[in-house]
Amino acid sequence: MNKAFTKETDGQDDDDELPSLPALPKGSKNYMTPHGYQTLKAELLELIDNERPKIVEIVHWAASNGDRSENGDYLYGKKRLREIDRRIRFLTKRLEIAEVVNPSVHYGSEQVFFGATVTYADDEGVERTITIKGIDEADSSKAEVSWIAPVARVLLKSKIGDEVPLPTPAGVRTLEVLDVSYPAPQAET
């Protein structure tokens with residue numbers, strides 16, 4: 001059989017076999033801050049406009065060199081292309097269902113809503129400050145938690161001075177809300 005009609009098998013082609021990214025709870029919306037939405041959109045456009053065309057060019061060049069079975073540029077390029085396409089599909093789906101919520105509309109409020117920066121103390125007196133963000137934009141290294149995280153769930157709708165129970169594997173802890181803040185509204189230009 002002519003080589004043009006054979007299927008290349010160079011690794012995992014099925015997306016189903018790879019670990020999935022964070023899933024949204026059933027029936028919930030994909031809440032996102034305007035900054036988070038713009039960040040994901042910028043990543044998507046970068047992949048589509050720059051990254052993917054470069055890899056396609058490399059794969060095309062490597063394929064023209066002949067034997068593909070031992071061609072590292074070709075094999076790596078095809079693998080990278082699958083990763084990029086998978087990320088593009090993921091970002092496209094998440095951006096399509098995104099519900100952009102501007103936290104600055106609650107500026108000055110003492111109640112915890114999506115986008116709030118909350119300072120709380122646990123029952124041992126340890127204070128922590130977190131910002132409640134969307135699933136796709138939360139970064140734990142910046143003290144940001146997803147709105148579906150257990151600590152965010154119990155803090156949502158509470159007010160300064162409220163004590164809320166947080167179930168943990170070690171038992172129920174009590175969190176006291178000390179401060180709530182939101183970014184200041186920006187004038188539209």
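This report walks through the helices, the sheet and the nonpolar cores of a predicted model.

## Ground rules

Because the model is predicted, local features need pLDDT of at least 70 and side-chain atom pairs count only at pLDDT 80 or more, while totals for chains, interfaces and linings use all residues. Residues are numbered from 1 along each chain as its sequence is written, and side-chain values use heavy atoms, with hydrogens and water left out.

Let's start with helix 2, residues 72-96.

Buried residues of helix 2 include Tyr74, Leu81, Ile84, Ile88 and Leu91, where buried means under 20% relative accessible area, exposed over 50% and partly exposed in between, with a 1.4 Å probe and protein chains only. Strand 1 (30-32), helix 1 (34-63) and strand 2 (98-100) are among what covers the buried residues of helix 2.

Leucine 47 sits in helix 1 and counts as buried at 9% relative accessibility. Leucine 47 and isoleucine 88 are 41 residues apart in sequence, yet 7.1 Å apart in space, C-alpha to C-alpha. Neighbours within four places aside, leucine 47 is in contact with Ile84, Arg87, Ile88 and Leu91, among others; contact means heavy atoms within 4.5 Å.

Over in strand 1 there's asparagine 30, which counts as buried at 1% relative accessibility. The asparagine 30 side chain reaches the backbone oxygen of arginine 94 at 3.2 Å.

Five strands make an open sheet, in the order 5-4-3-7-6 with mixed pairing; strands pair if DSSP finds at least two bridges between them. Strand 5 (144-146) and strand 6 are at the edges with a single partner strand each, so one side of each has no neighbour in the sheet.

Strands 3 and 4 run antiparallel, joined by 5 bridges. Threonine 117 stands opposite threonine 131 in strand 4.

## The cores

The largest nonpolar core has 20 residues, and Val112, Val118, Ile132, Val151 and Leu155 touch the most other members. Strands 3, 4, 6 and 7 and helix 3 (150-155) each give two or more residues to this core. A second, separate core of 15 residues includes Leu40, Ile55, Ile84 and Leu91. A nonpolar core here is a set of buried Ala, Val, Leu, Ile, Met, Phe, Trp, Tyr and Cys residues joined through side-chain atoms within 4.5 Å.

Conventions:
Helices (H or I, at least four residues) and strands (E, at least two) are DSSP runs, numbered from the N terminus. The expected span of a helix is 1.5 Å times one less than its number of residues. A polar contact is a pair of N or O atoms within 3.5 Å; within protein, one must be able to donate a hydrogen and the other to accept it, and residues adjacent in sequence count only if both atoms are side-chain atoms.
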